[in-house]
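Subject: Handover of a structure and summary of findings

Dear colleague,

Please find below the structure that I am handing over to you. A summary of what was found in it comes after the structure.

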Amino acid sequence: MSTYLYELPTTGAISFGDFCVDTTASNAYASHIAEATQARANLRGVLKVTKRTDTDDKDYLRLIKVLDDYLPYLHGIMACVVSGDIRLKSEPQFSWRTTLSAHLFHMSPRVALASLHADLASSLLTYAFALSNFARVTVASLGSYEYDRAISEIERKAKDEKLNFAVTMLCRASGIFTYVSEKVLLDWDKGEGASVRPPDLRKEVNAALAKMALADAQTLAIRKFLSKSAYDNAISPGPPLPKSHPSIPLIFKFHLECVSLYSSARALVMTLGSTRPSSSSSNPDSNAEVCVELRRYLADASAFHTALAHKWLGVDAGESGVGEKGGEAVAWLLWAKKELEDMKESGLGIAVGRDREKRGRKGRVADELESVSVFLKHYKKINDSLTFQPVPKQQDLQARIPTGILAVHAKPYTLPSPAFRPGSVEYTRLQTETLTLEHDDSSGDEALASTTSSRTYAGAGSYF
């Protein structure tokens, strides 16, 4: 399963100088206000270029760097507004295209959003999208390296590290989505009260995206966990498992946690669109559903990991003791096989709307179906000819499913230090330099006073 590909938004032009007034006596922040406008213009320009660029050629790293440059300036302006060093002549209006809401003809609508918190939330959302897409591009560049019989151990470990880098990007994205949901949007509510917002800027959706990014990261972590054994198993697929194979209980528990995360995320996004927008609403997108691509992705991912969890529960039963759990192993694998066949017949991933993506995800289902069939044939043959254990019913197996565990954790996000204002790195440095100069001047005055007081006799200080 490939990770989700986000459509990146675009934003309208804006000048902070149009509504920000420097209230300090020395106009200390005038230049910084201009620099903030330039940093945001750079962000707008990169987003426009990215929008016009083919998917394979999008420069997500450049976008990440531009956002890293802009966010400290936005933070500085917001902090100065709170401290009173900058006054707002009028409520700023920021224009952003929504990318997660369902809309006619797949045309992302442009929405006017009031308040600095709106721009912060939208910028952070774009940041998390870019990190997620960058992780996806990184994984795509690796190919199916773990099944390459010609790859060297050094090359495999190098690609493992790149896979781990993608996991880190997704964990960072998860932390940003959580920060938007639990901090930025709450502060927005406290400052100006609840306002009409598109799905992209709803707490439920960002909480769902945080879970989805973490589940995507866990999916890649499972792949890395299995990379060595996948290479060894490629030579002789199916049982017995190679000695390099990691703990089977860990594998199915990792998959079960993915199921929990994807299912929870889907439940959150499905809460939107359940009510009709009020006639007084000026924003027709405010009660829109989340786009079908995202909802289908979550449903497909949950179903796929459920099947894989059942597969590995069956392998665990078969490998731990065919004589005692042969029938259970067959039952789990029959369940997994049925689920994978249903996914294959229903066309997994069709809603994504990209031919290559569709083939890739359907191919992964076909590969897993083949793997399950190999294990099932082996354990069924043993059970039918040697052990003769009863095959439990599906409802009996349901009660035996354990809880999942996390292999990775979201990386908590902290907003970067403001580029200016009291508390910024620059302000602290200037204060330190000022105090040092004052201390030096004070020391010089004391020395001069001491010298003057010691010259009490005629001709003191003169040399003969």
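The following paragraphs go from the chain as a whole to helix packing and then to individual residues.

Please note at the outset that this is a predicted model.

Overall composition

The protein chain contains eleven helices and four strands. Of its 464 residues, 47% are buried. When contacts between residues at least 6 apart in sequence are considered, 81% of them join residues at least 24 apart.

On the H1 side, the residues in contact are His32, Glu35, Ala36, Ala39, Arg40, Asn42, Leu43, Val46 and Leu47. H2 contributes Arg62, Leu63, Val66, Leu67, Asp69, Tyr70, Tyr73 and Ile77. Sorted by class, the contact of H1 with H2 comprises eleven nonpolar, two polar and four charged residues.

The second pair is helix H5 (residues 203-235) with helix H6 (residues 248-269); they pack at an angle of about 160°, and their axes are 8 Å apart. H5 and H6 are therefore roughly antiparallel to each other. Their crossing, that of H5 and H6, is left-handed. In the contact of H5 with H6 there are 17 nonpolar, four polar and four charged residues.

A buried glutamate

Glu146 is found in the loop between helix H3 (116-140) and helix H4 (153-192). Its relative accessible area is 6%, so Glu146 is buried. Which side chain makes a polar contact with the side chain of Glu146? The partner is Arg223, at 2.8 Å. Apart from neighbours within four places in sequence, Glu146 is in contact with Arg223, Ser227, Ala230 and Tyr231.

Thr10 and its surroundings

Thr10 is located in the segment before S1. With a relative accessible area of 7%, Thr10 is buried. Thr10 and Leu47 are separated by 37 residues in sequence, while their C-alpha atoms are 5.5 Å apart in space. Residues up to four places away in sequence left aside, Thr10 touches Leu47, Lys51, Ser95, Trp96, Arg97 and Arg110.

Positive phi values

Most residues other than glycine have a negative phi. Two residues are listed here for their backbone angles. Asn27, which is not a glycine, has a positive phi of about 50°. Asn27 sits in the loop between strand S1 (20-22) and helix H1 (30-52). Ser115, likewise a residue other than glycine, has a positive phi near 95°. Ser115 lies in the loop between strand S4 (110-114) and H3.

Are these two residues buried or exposed? Asn27 has a relative accessibility of 46% and therefore counts as partly exposed. Ser115, by contrast, is buried, with a relative accessible area of 0%.

With kind regards

Key: Residues are numbered from 1 along each chain as its sequence is written. This is a predicted model: local features need pLDDT of at least 70, side-chain atom pairs count only at pLDDT 80 or more; totals for chains, interfaces and linings use all residues. Side-chain values use heavy atoms; hydrogens and water are left out. Axes are lines fitted to C-alpha atoms, for helices over the stretch in contact, and angles run from 0 to 180 degrees between N-to-C directions. Helices (H or I, at least four residues) and strands (E, at least two) are DSSP runs, numbered from the N terminus. Angles under 35 degrees count as roughly parallel, over 145 as roughly antiparallel, 65 to 115 as roughly perpendicular and the rest as oblique. A crossing is left-handed if the near helix is turned anticlockwise from the far one by less than a right angle, and right-handed if clockwise. Ala, Val, Leu, Ile, Met, Phe, Trp, Tyr, Cys and Pro count as nonpolar, Asp, Glu, Lys and Arg as charged, and the others, Gly among them, as polar. Buried means under 20% relative accessible area, exposed over 50%, partly exposed in between (1.4 Å probe, protein chains only). A polar contact is a pair of N or O atoms within 3.5 Å; within protein, one must be able to donate a hydrogen and the other to accept it, and residues adjacent in sequence count only if both atoms are side-chain atoms. Contact means heavy atoms within 4.5 Å.
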